[in-house]
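Subject: Two-chain structure, handover and findings

Dear colleague,

Here is the structure for your files. My notes on it follow below.

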Amino acid sequence: MITVRHLNKTFHDGQKPLTVLRDVNCEIRKGEVISIIGPSGTGKSTFLRCLNRLEEPTAGQIEIDGDDILAPDADVRRLRQKMGMVFQNFNLFEHLTIIDNITLAPRNLLGLSKADAEKRALELLEMVGLGEKAGSLPNELSGGQKQRVAIARCLAMNPQIILFDEPTSALDPTMVSEVLAVIRQLASQGMTMAIVSHEMQFVRDVSTRVFFMNDGIIYEEGTPEQIFDNPQKNATKSFINRIRTLEFRLKDRHFDLYDMFGQVQRFCSKYGLGEKIFGKIQHVIEEMTSEIMPFDTAVSVVIDYSEKNGTLTMTFTQENYTAADGIIAGADADNVSLMLVGGLCSEMTEPVPGTVRILFNA
Amino acid sequence: MSPKRNCILILLLSVLVSCSGKGREFNPDPKGPEDLAGSIISCGQGSSYQRFFSEHYPDYTTVDFANADMLVAVQSGKADFGFVDSLELLALNLDRYGLEEKFTSFQRHEYPMLFSRKTPGYCDIFNRFLHEFKADGSMDRLLGRWMGPDDAQRYLDTLELPAEGKSMVVALSVSRYPYTYFTENGPSGFQIDLMHHFSAWSGIPVEFKVMDTGAIPPALMAGTVQCTMIPFENTEERARFVMFSEPYISDCGTCIGRKSGHFEKEPFISRLKQSVRMNLIEENRWKMVLDGLFVTIEISLYSIIASILAGAGICAMRMSRRKWLQTTAKVTINIIRRIPLLILLMILLYVVFASFHPEPMLVATIGFAIYFGVYFSESFRTGIESIQHGQWEAGYALGFSSLATFCKIILPQALLRIIPVFKGLMITLIKSTSIVGYIAIFDMTKASDMIRSRTFDAFFPLLTVAALYLILSWLFGFILDSVHKSLTPKHRTI
């Protein structure tokens with residue numbers, strides 16, 4: 001249904017050009033529910049908005065049912081009538097009642113009579129559970145209700161696909177489920193949809209395919225099972241496991257230890273890691289940097305915390321490590337520091353000589 | 001005006017008098033200009049009296065009140081003596097103000113007609129006419145009739161006036177009874193009669209046009225009027241720009257001052273009654289006010305409509321994606337906002353459109369459209385920009401064109417925010433139309449000026465007109481409020 005090739009979008013309105021989409025390639029087939037996930041600022045919304053040309057792509061091709069929609073003579077308005085869009089901020093027309101919000105486009109663009117349009121609008125409102133709100137004004141509705149009206153407004157145009165641009169991001173947590181329920185219902189009716197969302201459980205349940213976007217491209221794609229249970233690439237993994245990272249590069253033994261502790265403390269309090277684990281980390285850093293790591297050249301320290309699994313990994317890497325036997329294996333059996341560290345953590349390994357990995361269960 | 005307000009005003013004026021009068025000593029009953037030392041003398045700006053004093057008595061203090069304002073100034077003590085042409089005394093009710101003549105036969109001076117240098121032929125024809133008219137005694141007969149004590153003798157001669165041909169436009173200003181004054185049937189007076197005789201004699205149709213005194217010299221220079229009868233004296237400086245005919249009348253000055261002894265004012269109610277009779281009922285003067293009111297309404301309506309159109313145009317330019325249109329609009333807005341409205345109107349009439357001799361109404365409408373269009377456009381822009389961009393996107397995403405999105409989605413919402421600001425601007429516009437008298441439009445303010453200059457009542461016509469402006473702005477405001485209310489979204493029952 002939709003084929004996207006080498007899509008590029010670069011914004012030029014700032015001081016320097018900002019490339020948001022580098023090279024997006026994908027295919028969306030009829031009846032699919034595509035979810036687009038990824039860290040913020042990676043172009044998910046921009047990609048969606050390029051599909052109905054709310055943003056003009058800088059380069060690339062988008063074909064819908066074989067028609068090139070980026071051609072100069074493409075009928076953009078006709079295209080948009082066939083593609084509904086639901087916005088993060090609902091964008092209901094504040095000056096119109098709910099039912100007029102829904103009938104405005106069908107009456108003006110599809111030529112429906114007032115009676116027909118209102119009949120259909122009431123059906124749709126019933127479907128999203130808001131039949132009794134037909135005569136109300138948008139500002140009398142809650143966020144969740146507004147978003148359901150926005151979905152009904154899209155459906156009134158009988159679109160072939162609906163684009164959801166973070167439909168629940170602006171909602172109070174208590175209202176998220178009512179909107180997701182409506183989208184789930186549409187999915188079960190076989191509506192083709194593309195959804196940008198941060199609701200991982202929902203994405204996993206409702207999608208037929210998941211696009212993981214990172215750095216302006218579709219970095220990894222697959223079924224929800226593939227993406228959530230068995231991600232192949234590092235960025236995907238750290239996103240799925242919600243891995244938070246803190247990195248240091250220590251040039252020699254005389255680095256500023258207390259500054260490092262300060263940063264670690266901020267990291268811990270930000271992600272809700274208690275005093276106890278912070279104390280352990282401090283100990284490990286002290287022992288590793290003073291006794292264990294050889295410091296032939298610089299040493300890098302990476303702290304990864306997976307919010308999803310609740311595990312914390314500290315990786316100490318000696319740069320340009322040349323000895324063949326490894327740091328742990330090469331140490332004395334009665335090395336006090338190593339014993340101390342081993343006692344603090346739940347697992348200590350050296351997968352590659354020169355790289356020590358220490359695991360905690362937070 | 002309420003008695004209380006009146007009291008406050010009198011109190012203020014008396015404070016002013018007591019402040020300015022401190023240590024001022026002068027002869028309360030002067031017999032000639034030499035007795036005026038130490039007093040404050042009021043004579044119209046540029047008048048022969050003013051020139052006389054600055055030449056011969058440079059130490060004297062002169063102020064610039066004229067007509068009705070002068071009487072009030074002398075009455076209230078802002079000035080001690082005033083000078084009027086002796087013939088004008090016919091129209092003055094000095095008693096009413098507690099004033100009296102002090103001395104007369106002062107400064108005899110002659111008044112010529114002024115002609116535009118663009119059409120010098122008229123001046124020659126008029127001089128020939130004047131020569132004949134004086135020679136056969138007609139002039140003396142006419143003067144005797146108009147300037148005598150008998151009111152019944154003051155009427156326009158019935159003459160057969162030419163109807164065809166290009167007419168000569170004669171500018172009139174405020175009333176100077178019995179030279180020129182305004183009745184429900186139009187202008188009347190000695191000068192009007194004289195022009196009728198000239199017209200009948202020469203076969204040139206004459207058309208009278210009422211303008212502000214200050215606007216007449218530029219109008220003569222631009223050639224939008226060909227001639228004026230307001231009494232400007234012949235000076236070398238003026239003769240460089242306009243042509244003077246032979247003088248057709250001479251007059252002398254009279255000095256007026258406060259009556260000696262205590263002046264008892266009439267009670268307020270009877271003064272009010274007298275004011276109403278004098279300013280509105282006599283000679284059906286209310287009709288002048290009413291005509292003026294209709295002109296004010298007419299010009300307000302035209303200007304509002306034109307300003308909205310101009311405002312929409314400038315706003316569209318200002319919000320255009322094309323850089324040069326944006327810049328043009330910005331520059332226009334910044335220039336127009338820095339020019340006083342009156343100056344803009346006069347520039348349009350006497351400079352920009354001078355050679356087209358346009359209808360003043362048209363010029364006023366264009367002027368207001370430019371001036372207020374700029375303000376309207378900025379209020380439109382703020383209104384439109386206050387609508388979230390998401391509303392545009394929602395319209396686009398449904399498949400509406402830019403224009404349809406604007407008309408059906410953005411504008412109805414923007415209007416709700418524009419109207420309150422617009423209301424204030426519109427009221428300002430309505431009030432600003434009071435300056436169109438300057439460019440020869442007989443509006444409500446001009447009508448009140450006319451009545452003031454005829455009845456020498458300083459307050460009542462002003463207050464009447466102020467009240468009418470109040471009602472008018474309230475009315476227009478009410479209409480806008482109803483529009484606002486009808487646009488405000490309402491519930492529906494389905």
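Helices (H or I, at least four residues) and strands (E, at least two) are taken here as DSSP runs and numbered from the N terminus. The model is predicted, so local features need pLDDT of at least 70 and side-chain atom pairs count only at pLDDT 80 or more, whereas totals for chains, interfaces and linings use all residues. Residues are numbered from 1 along each chain as its sequence is written, chains are lettered from A and ligands numbered from 1 in the order in which they are written, and side-chain values use heavy atoms, with hydrogens and water left out.

Chain B

Chain B has 17 helices and 10 strands, and its C-alpha trace spans about 90 × 55 × 45 Å along the principal axes. Of its 494 residues, 51% are buried; buried means under 20% relative accessible area, exposed over 50%, and partly exposed in between (1.4 Å probe, protein chains only). Contact means heavy atoms within 4.5 Å. Among contacts in chain B between residues at least 6 apart in sequence, 76% join residues at least 24 apart. Chain B exposes about 23,500 Å², with 61% supplied by carbon and sulfur atoms. Accessible areas come from the Shrake-Rupley method with a 1.4 Å probe, and for residues only the protein chains shown count as cover.

A nonpolar surface patch consists of Trp474(B), Leu475(B), Phe478(B), Ile479(B) and Val483(B), with about 530 Å² of accessible area together. Patches are made of residues with over 30% relative accessible area and no salt bridge; like charges are joined within 9 Å, nonpolar side chains (Val, Leu, Ile, Met, Phe, Trp, Tyr) within 5 Å. Leu475(B) lies in helix 17 (residues 460–487) of chain B and counts as partly exposed, at 42% relative accessibility.

Interface

Chain A and chain B bury about 2,300 Å² between them, 62% of it on carbon and sulfur atoms. Buried area is the accessible area (1.4 Å probe) that two parts lose on being put together, summed over both. Chain A brings 31 residues to the contact and chain B brings 21 residues. One salt bridge is counted between the two chains: Glu393(B) pairs with Arg49(A), the closest N and O atoms being 2.6 Å apart. On the side of chain A that touches chain B, the elements giving two or more residues are helix 2 (76–82), strand 6 (83–86), helix 3 (98–109) and helix 4 (114–127) of chain A. Helix 3 of chain A gives the most to that side, with six residues.

Salt bridges

A salt bridge is a side-chain nitrogen of Lys or Arg within 4 Å of a carboxyl oxygen of Asp or Glu. By this rule there are 25 salt bridges over all chains.

Arg209(A) and Glu32(A) form one at 2.8 Å, N to O. Arg209(A) sits in strand 9 (residues 209–214) of chain A and Glu32(A) in the loop between strand 2 (18–28) and strand 3 (33–37) of chain A, 177 residues apart. Arg209(A) is buried, with a relative accessible area of 12%, and Glu32(A) is buried at 9%.

Glu378(B) and Arg381(B) also form a salt bridge, at 3.1 Å between the closest N and O atoms. They are separated by about one helical turn because they lie three residues apart in helix 13 (residues 360–385) of chain B. Glu378(B) and Arg381(B) are both buried.

Finally, salt bridges that share partners join Arg29(A), Glu32(A), Arg209(A) and Glu221(A) into one network.

Regards
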